[in-house]
Amino acid sequence: PEHNQGINAIHQILTNNSEYFIGTVNEIAKFGYDEVNLNLGCPSGTVVAKHKGSGFLARRKELDEFLEEVFSKTSTKISIKTRIGKDSPEEFYELVDIFNKYPLEELIIHPRIQTDYYKNKPNMEVFKEGLALSKNPVCYNGDIFNVNNYKELTQNYPELQAVMLGRGIIANPALIIQ
């Protein structure tokens, strides 16, 4: 924590095991951090094969049970970074119903499915519907590589509360000062 003074640091956890998640959250809280992020977006094959990251999205009943346990046993704020599905964009509608059951600090939507990895265009139709359907604050994530990408997104979705730069900030660290 002493190295993060003045920085809003949010730890991201990649798991499908509620016991491990809760244990990690409790340890992080001891250092004074009050929010964690559950990564349901990682498309890596090795992660997905273990039903973690976006692989967990295909196990919606287990995901719902995981979230029920986590929210009943922790008081830390929790945000979720998600893709719109593992195999199909149609999965998102069941996912958003699950996410709406819980008081998320934020729902970060990367509008691609797992098998898209970082290729293809983000599915902005499903994102638009997710923005309207989510009971939680929504953050957009995906393909913001320059100021024009950002301006176009925020003009098209003025109700959008936050944008995650992700790979865009890695490719161009000066993006935040443009």
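The model described here is predicted: local features need pLDDT of at least 70, side-chain atom pairs count only at pLDDT 80 or more, and totals for chains, interfaces and linings use all residues. Residues are numbered from 1 along each chain as its sequence is written, and side-chain values use heavy atoms, with hydrogens and water left out.

The protein contains 7 helices and 6 strands. Helices (H or I, at least four residues) and strands (E, at least two) are DSSP runs, numbered from the N terminus. Their order from the N terminus on is β-α-β-α-α-β-α-β-α-β-α-β-α. The radius of gyration is 16 Å, close to the 16 Å that the globule rule gives for 178 residues, so the protein is as compact as a globular protein of that length. This radius is taken over C-alpha atoms, and the globule rule is 2.2 Å times the number of residues to the power 0.38. Along the principal axes, the C-alpha atoms fill a box of roughly 40 × 40 × 30 Å. Of the 178 residues, 44% are buried. Buried means under 20% relative accessible area, exposed over 50%, and partly exposed in between (1.4 Å probe, protein chains only). Among contacts with a separation of 6 or more, 69% come from residues 24 or more positions apart. A contact means heavy atoms within 4.5 Å.

Helix α1 covers residues 18-30 and has 13 residues. From its first C-alpha to its last it reaches 18 Å, close to the 18 Å expected at 1.5 Å a residue. The expected span is 1.5 Å times one less than the number of residues. Ser18, Phe21, Ile22, Val25 and Ile28 are the buried residues of α1. Viewed down the axis of α1, they fall within an arc of 125°, so they line one face of the helix. The arc is that of the directions from the helix axis to the C-beta atoms. These buried residues pack against β1 (11-13), β2 (35-40), α3 (60-73) and β3 (77-85). Glu19, Tyr20 and Lys30 are exposed on the other side of α1. The N-terminal end of α1 is capped by asparagine 17, with a side-chain oxygen 2.9 Å from the backbone nitrogen of glutamate 19. A polar contact is a pair of N or O atoms within 3.5 Å; within protein, one must be able to donate a hydrogen and the other to accept it, and residues adjacent in sequence count only if both atoms are side-chain atoms.

Helix α5 (residues 124-133) buries Val126, Phe127, Gly130 and Leu131. Seen down the axis of α5, these buried residues fall within an arc of 140°, so they line one face of the helix. They pack against β3, α4, β4 (106-113) and β5. The face turned away from the buried side carries the exposed residues Glu125, Lys128 and Ala132. At the start of α5, a side-chain oxygen of asparagine 123 reaches to within 3.3 Å of the backbone nitrogen of glutamate 125. Aspartate 97 lies in helix α4. Aspartate 97 is exposed, with a relative accessible area of 51%.

The structure holds 11 salt bridges. A salt bridge is a side-chain nitrogen of Lys or Arg within 4 Å of a carboxyl oxygen of Asp or Glu. One of them joins glutamate 91 and arginine 60, with the closest N and O atoms 3.5 Å apart. This pair links distant parts of the chain: glutamate 91 is in helix α4 (residues 91-99) and arginine 60 in helix α3, 31 residues apart. Glutamate 91 counts as buried at 11% relative accessibility, and arginine 60 counts as buried at 18%.

Another salt bridge joins lysine 73 and glutamate 69 (3.1 Å, N to O). Both residues lie in helix α3, 4 residues apart, about one turn of the helix. Lysine 73 is exposed at 51% relative accessibility. Glutamate 69 is partly exposed, with a relative accessible area of 29%.

Arginine 167 and aspartate 143 also meet in a salt bridge (2.9 Å, N to O). Arginine 167 lies in helix α7 (residues 167-171) and aspartate 143 in the loop between β5 (138-141) and α6 (147-156), so the pair ties together parts that are 24 residues apart in sequence. Arginine 167 is partly exposed at 30% relative accessible area, and aspartate 143 is partly exposed at 26%. Elsewhere, salt bridges that share partners join Arg60, Glu91 and Glu94 into one network.
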